[in-house]
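Hi,

Here is the structure I promised to send over. Have a look at it first, and my notes on what turned up follow below.

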Amino acid sequence: TAENERLANALARATGQCREERQRAAEAESVASESEAVRDGMLSNYARLTEENVELQRSMSEATLEKERMVDEFELCQREMEHMQGQSDQLAQQLQRKDSDILELER
């Protein structure tokens, strides 16, 4: 009958719509799952990069301290070298005077 055919068509449309809705829901769930995986990956990368940044900052601080220590040590060595150069100059002058005195005495 026409009524049965109309109901069968309505049932077929409703079944098709249900199938489409299930497919869209499955696709949405898949996209949500992929988005969550991407978000988790990004959070993991952020945590790793943050940890690496902390390590880099620590290394840079240590390098700065080491550089300052080396500069201080270099400046100390320079002062010692200047002092020793002054002593060497004094000793050279004393030696030159003694040589002159010896030459004077030998005359």
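Let me start with a cysteine: at 43% relative accessibility, cysteine 77 is partly exposed. By that I mean it falls between buried (under 20% relative accessible area) and exposed (over 50%), using a 1.4 Å probe and protein chains only. Cysteine 18 is partly exposed too, with a relative accessible area of 42%. As for disulfides, the structure holds 0 of them, a disulfide being a pair of cysteine sulfur atoms within 2.5 Å.

Before you read on, a word on what you are looking at. This is a predicted model, where local features need pLDDT of at least 70 and side-chain atom pairs count only at pLDDT 80 or more, while totals for chains, interfaces and linings use all residues. Residues are numbered from 1 along each chain as its sequence is written, and side-chain values use heavy atoms, with hydrogens and water left out.

Now the overall picture. The protein chain has 1 helix and 0 strands; helices (H or I, at least four residues) and strands (E, at least two) are DSSP runs, numbered from the N terminus. With a radius of gyration of 45 Å, well over the 13 Å that the globule rule gives for 107 residues, the protein chain is more spread out than a compact globule. That radius is taken over C-alpha atoms, and the rule is 2.2 Å times the number of residues to the power 0.38. The C-alpha trace spans about 155 × 15 × 10 Å along its principal axes.

What about burial? Of the 107 residues in the protein chain, buried ones make up 1%. The protein chain exposes about 10000 Å², and 56% of that comes from carbon and sulfur atoms; the areas come from the Shrake-Rupley method with a 1.4 Å probe, and for residues only the protein chains shown count as cover.

On to the salt bridges. There are 8 in the structure, each one a side-chain nitrogen of Lys or Arg within 4 Å of a carboxyl oxygen of Asp or Glu. These are some of the pairs I looked at:

- Arginine 24 and glutamate 21 meet at 2.2 Å, N to O. Both sit in helix α1 (residues 2-106), 3 residues apart, which is about one turn of the helix. Arginine 24 is partly exposed at 44%, and glutamate 21 is partly exposed at 46%.
- Glutamate 62 pairs with arginine 58, with their closest N and O atoms 2.2 Å apart. The two are 4 residues apart in helix α1, again about one turn. Glutamate 62 has a relative accessible area of 43%, and arginine 58 has 38%.
- Arginine 69 and glutamate 73 form a salt bridge at 2.7 Å, N to O. They are separated by about one helical turn because they lie 4 residues apart in helix α1. Arginine 69 is partly exposed at 42%, and so is glutamate 73, at 42%. Elsewhere, salt bridges that share partners join Glu55, Arg58 and Glu62 into one network.

How far apart are the mean positions of the positive and negative charges? For the 14 positive and 25 negative charges of the protein chain, the answer is 8 Å. Lys and Arg count as positive and Asp and Glu as negative, leaving out His and the chain ends; each charge is placed at NZ of Lys, CZ of Arg, CG of Asp or CD of Glu.

At 52% relative accessibility, leucine 95 counts as exposed. From leucine 95 to glutamate 36 there are 59 residues in sequence and 86 Å in space, C-alpha to C-alpha.

Cheers
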